[in-house]
Structures are given as structure tokens and as C-alpha cells.
Amino acid sequence: MPMFLDMHELGGFTRDQLISGVDDKSDEFGVTVHHMIFNEKADFLHCICSAPDVESIEKHHMKFNIKCKQVFPIDEIKTDKIIKDEKLKTIGELSSRLAHDIRNPLTVLQTSTDILKSKYPEIYEKETQKFDAISVAINRIEHQIKDVLGYLTTKNLNITQNNLSEILDSALSGIQIPRKITVNKSNNNIPFPCDFESMRIVFVNILHNAVQAMGESGKIEIQISRDMENIFISFENSGPSIPDNIMPKIFDPLFTTKQEGTGLGLVSCKNIVDKHGGEIAIKNNPTTFTVILPLKT
């Protein structure tokens with residue numbers, strides 16, 4: 001039997017009178033009231049009931065001279081989380097298709113640009129800024145595609161013993177850093193268990209966000225430390241602080257304050273770090289992202 005949630009006024013009845021009228025058996029309209037949720041201050045209540053259809057529920061209440069204001073099928077009542085999850089699923093499916101469709105012509109553009117550079121070096125020397133602008137634009141789009149696919153794709157981690165310095169060097173080589181931004185990296189090289197490529201993606205995203213926050217100039221300090229149980233990788237940048245109202249939302253899917261952002265990069269980072277049994281801590285003054293990872297799996 002279908003389940004419904006209705007809403008109506010108390011109709012002059014008291015709570016006790018209404019409760020005493022509840023019967024485990026269905027009435028002549030096939031309606032069984034299972035539970036009542038009262039709001040006597042507002043003079044209305046919700047009833048959870050089973051019935052053949054909405055019309056049966058309306059007839060049930062009419063015999064008490066009460067008119068239902070609203071009747072909802074239970075399977076149509078959705079929490080904010082369910083609605084959000086469904087939206088994310090739909091957006092994810094569309095984004096995945098778009099990401100793959102964009103990546104193919106993007107590869108053609110990058111390959112063609114590289115061929116032009118090598119085949120016509122004299123033109124490249126004259127138009128270096130324009131060629132570099134093309135490469136920056138391609139890399140930006142590629143980074144956004146990786147954000148989307150990184151969030152949508154779930155894969156098993158390949159945990160092996162890795163050197164932190166090697167992962168950081170690989171991450172730094174994978175992003176374009178403006179000439180006026182300096183990066184200082186701790187020489188403290190600590191071996192620890194992780195999925196190399198997944199952790200590289202985390203570091204790339206954090207570094208990319210730091211570069212975007214600072215613009216064309218600034219400083220990034222990468223500090224590495226450890227205790228008996230964990231390794232700490234801190235990314236400190238000289239960009240502006242994260243506003244207090246933004247901080248709680250920073251790992252929410254699709255939340256972004258950047259025009260060209262997807263709102264999925266940091267979410268992917270958190271998912272990856274969570275899978276490693278770690279966490280990401282954030283603080284201001286100066287803006288610092290700290291990745292905390294266990295030294296043992």
C-alpha cells in the first residue's frame with residue numbers, strides 16, 4: 001500500500017481526541033493512520049498514513065470536516081542531501097562526457113602548437129608571448145578537466161613506499177609557476193606509503209590554488225615534518241587569507257570563488273587524502289594547507 005504524508009489543521013479537535021481516533025485497521029476509504037506529528041501552536045499536524053491514493057486520504061479527512069492542505073507521496077519526499085546527491089550525479093555524468101569531448105581537440109591544439117614551435121623557430125622567437133599564452137590556456141583547461149575526472153573517477157589505491165621529495169618535484173614540474181612567484185621546498189625527504197599518482201594530484205591542486213590566489217607574484221613555502229605516527233606537508237602561500245564565511249565550504253563539491261574554477265579540485269584532494277587515512281588542515285595568517293598522512297598503512 002502506498003505511503004503518504006499529509007498536512008492539515010487540527011479542526012477544533014484536541015491532541016487526545018485525534019490520537020484516540022487512530023485505528024490500526026483501515027477505514028472505509030482504505031486509509032490507515034500510522035503516526036501523527038503535532039504542532040499545536042500553529043494549529044496543524046502531519047499524518048503518516050497508508051492509502052490507495054490521494055483522493056482516499058482527502059475523503060478520510062472530509063468525514064471529520066477537515067480539509068488537507070497538502071498530501072505528499074512518501075517516496076517523493078527528499079532530504080537536502082538526497083537532492084544534492086542527485087544533482088551531483090546528473091552534473092557528474094554530463095561533466096564526464098564534456099570532459100572527454102573537450103580533451104580530444106585540446107590534444108590536437110597542443111600537438112599542433114608544439115609542431116609549429118619546432119618547425120618554425122623564427123616565428124616562435126618573434127611570437128613567444130602568444131605561443132606561451134596558448135600553452136597557458138590549454139594547461140588551464142586541462143587542469144579543469146583533470147579536476148572533473150578526478151572527482152568522478154574512483155580507483156583503487158596502489159600503495160607503495162615512496163619518497164615525498166620525488167612526489168613534490170613531480171607535482172611542481174606539472175604546473176606553470178609565474179616567474180615572480182618563488183617556491184621554497186624543505187629538503188627533509190621522508191619515505192612513506194602512498195599512491196604516487198594520487199598524492200601527486202593532491203599536491204598539484206594545492207599548489208595550483210596557491211598560484212591562483214597570489215596572481216603574478218608571491219612566495220610558496222613547502223615545509224615537511226613528522227612525528228611518531230604522521231607526516232606533515234604544509235603549503236604556505238603569501239596570498240590573501242580565506243574569508244571566515246568561505247572556510248567551512250571549501251571542501252563542498254562545486255563550491256568555488258574563482259571564475260574559471262570547477263569547485264571539484266579540493267574535493268578530490270580531500271577524497272584522496274581520506275582514502276589514505278589522513279586529513280587536510282587549513283589555517284590563515286598566513287594561508288596554509290597542511291596534508292597530514294600516516295607513516296604506516
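**Exercise 1. Find the side chain that makes a polar contact with the side chain of H8, and describe the surroundings of H8.**

Step 1. The partner is H61: the two side chains make a polar contact at 3.1 Å. A polar contact is a pair of N or O atoms within 3.5 Å; within protein, one must be able to donate a hydrogen and the other to accept it, and residues adjacent in sequence count only if both atoms are side-chain atoms.

Step 2. H8 lies in strand 1, residues 3-9. Helices (H or I, at least four residues) and strands (E, at least two) are DSSP runs, numbered from the N terminus.

Step 3. Check burial. H8 is buried, at a relative accessible area of 2%. Buried means under 20% relative accessible area, with a 1.4 Å probe and protein chains only.

Step 4. List the neighbours. Leaving out residues up to four places away in sequence, H8 touches D43, F44, L45, C47, H61, I66, K67, C68 and K69. Contact means heavy atoms within 4.5 Å.

**A note on the model.** This is a predicted model, where local features need pLDDT of at least 70 and side-chain atom pairs count only at pLDDT 80 or more, while totals for chains, interfaces and linings use all residues. Residues are numbered from 1 along each chain as its sequence is written, and side-chain values use heavy atoms, with hydrogens and water left out.

**Exercise 2. Work out the order of the five strands in the open sheet.**

Step 1. The order is 6-8-9-11-10, with mixed pairing. Two strands pair if DSSP finds at least two bridges between them.

Step 2. Find the edges. Strand 6 (180-185) and strand 10 (279-283) each pair on one side only.

Step 3. On average, neighbouring strands here are turned by 15 degrees against each other, direction ignored.

Step 4. Take the pair of strand 6 and strand 8 (residues 217-226). They are parallel, over six bridges. K180 has S217 as its bridge partner. I181 stands opposite G218.

Step 5. Move on to strand 9. Strand 8 and strand 9 run antiparallel, joined by seven bridges. I222 faces F235 across this pair.

**Exercise 3. Is helix 6 largely enclosed or largely open?**

Step 1. Count the buried residues. Seven of the 10 residues of helix 6 are buried, so the helix is largely enclosed by the rest of the structure.

Step 2. Name them. They are L164, S165, I167, L168, S170, A171 and L172.

Step 3. Find the cover. It includes strand 5 (160-163), strand 6, strand 7 (191-194), helix 7 (196-214), strand 8 and strand 9.

**Exercise 4. Describe how helix 7 and helix 8 pack.**

Step 1. Start with geometry. Helix 7 and helix 8 (residues 265-275) pack at about 145 degrees, their axes 9 Å apart. Axes are lines fitted to C-alpha atoms, for helices over the stretch in contact, and angles run from 0 to 180 degrees between N-to-C directions.

Step 2. Name the contact residues. Helix 7 gives S198, M199, I201, V202, N205 and N209; helix 8 gives G265, L266, C269, I272 and V273.

Step 3. Sort them. Seven are nonpolar, four polar and none charged. Ala, Val, Leu, Ile, Met, Phe, Trp, Tyr, Cys and Pro count as nonpolar, Asp, Glu, Lys and Arg as charged, and the others, Gly among them, as polar.

**Exercise 5. How many helices and strands are in the chain?**

Step 1. There are eight helices and 11 strands.

Step 2. Buried residues make up 36% of the 297 residues.

Methods. Buried means under 20% relative accessible area, exposed over 50%, partly exposed in between (1.4 Å probe, protein chains only).
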